[in-house]
Amino acid sequence: LPKDFVYPKSPERILFCGWRRDMEDMIMVLDASLAHGSELWMFNDVPEKEREKKLTDGGLDINRLENISLVNREGNAVIRRHLESLPLESFDSILILADESVEDSAIQADSRSLATLLLIRDIQARRLPYVSMASQAHGGSFSKGSWIGEMKQASDKTVIISEILDPRTKNLISMSKISDYVLSNELVSMALAMVAEDRQINDVLEELFAEEGNEMHIRKADLYLCEGEELNFYEIMLRARQRREIVIGYRLANAERAVINPPVKTDRRKWSLKDVFVVITEKE
């Protein structure tokens, strides 16, 4: 194999905007996954004492968290001056949640999420130094005065995931290319449909989504091949098996979307070290 893989695990700073009724489960998963010394900032309009009560009632013992520390901030995620009180440019990841206060209305929840997303990206863009060539790296030709160009540059600094409930909203987020999204209702529906079709699928889903065991990772191509090497997908799968990994797809350097379970696996092609592979493997 081309090289050994050493997983660089360092502390992260993550921000949750909004409040979900299963927040304690999300915190426990993060505590099991992140490196020691990580921070989880929670920004929402739920009073701090009420948050602690909700988390405790949900079965979370804050004092037993091993890897993350909680930082509470109270405010409204759609009010700019409240968001400006946060060090938004310093977070590694930001998750915008569909707040439980408006979860009964998918349109209203998505409207809040989109408003929060645009405000955060605009604040980040104004705080970060503008690099004129940054937007061109994405295939665009945005000038310094272009707000979408500045927001795209900010998206290179911090990953933002927006939880949306209405499938129609994903088109707006996809077009902007300033955030990724999780269509939570659709994911649950798809999982239920698969389990209803074949009950054994439930064991697979539990394995993939549990904090322990196997999960999906994005791997760089230099773990499996050399620059310009000509291989077919089956040969890459065999190399991955030597690392106890299962390759299920790839994304080429010049492509926006990944190819999962390629229909043609026998065709040989020249790969680039800028390509990445989607693999299933045990958690490091």
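## The chain as a whole

Of the 284 residues in the protein chain, 39% are buried (under 20% relative accessible area with a 1.4 Å probe, protein chains only). This is a predicted model, where local features need pLDDT of at least 70, side-chain atom pairs count only at pLDDT 80 or more, and totals for chains, interfaces and linings use all residues. Residues are numbered from 1 along each chain as its sequence is written, and side-chain values use heavy atoms, with hydrogens and water left out.

The protein chain has 9 helices and 12 strands (DSSP runs numbered from the N terminus: H or I of at least four residues for helices, E of at least two for strands).

## Inside the fold: cavities

Let's look inside. There are 3 cavities of 30 Å³ or more in the structure (a cavity is a set of points on a 1 Å grid over the protein atoms alone where a 1.4 Å probe fits but cannot get out).

Lining the largest cavity are 13 residues (each with an atom within 4 Å of a point). Leu97, Asp99, Arg112, Ser113 and Thr116 lie nearest its centre. Helix 4 (residues 106–127) gives the most to this lining, with 4 residues.

Technical notes
1 Å grid on protein atoms, 1.4 Å probe; cavity = no way out; pocket = protein on both sides within 12 Å on 5 of 7 lines; lining within 4 Å. Points joined across faces, edges and corners; volume = space filled by probe spheres on them. Buried < 20%, exposed > 50% of the residue type's maximum accessible area, 1.4 Å probe, protein only.
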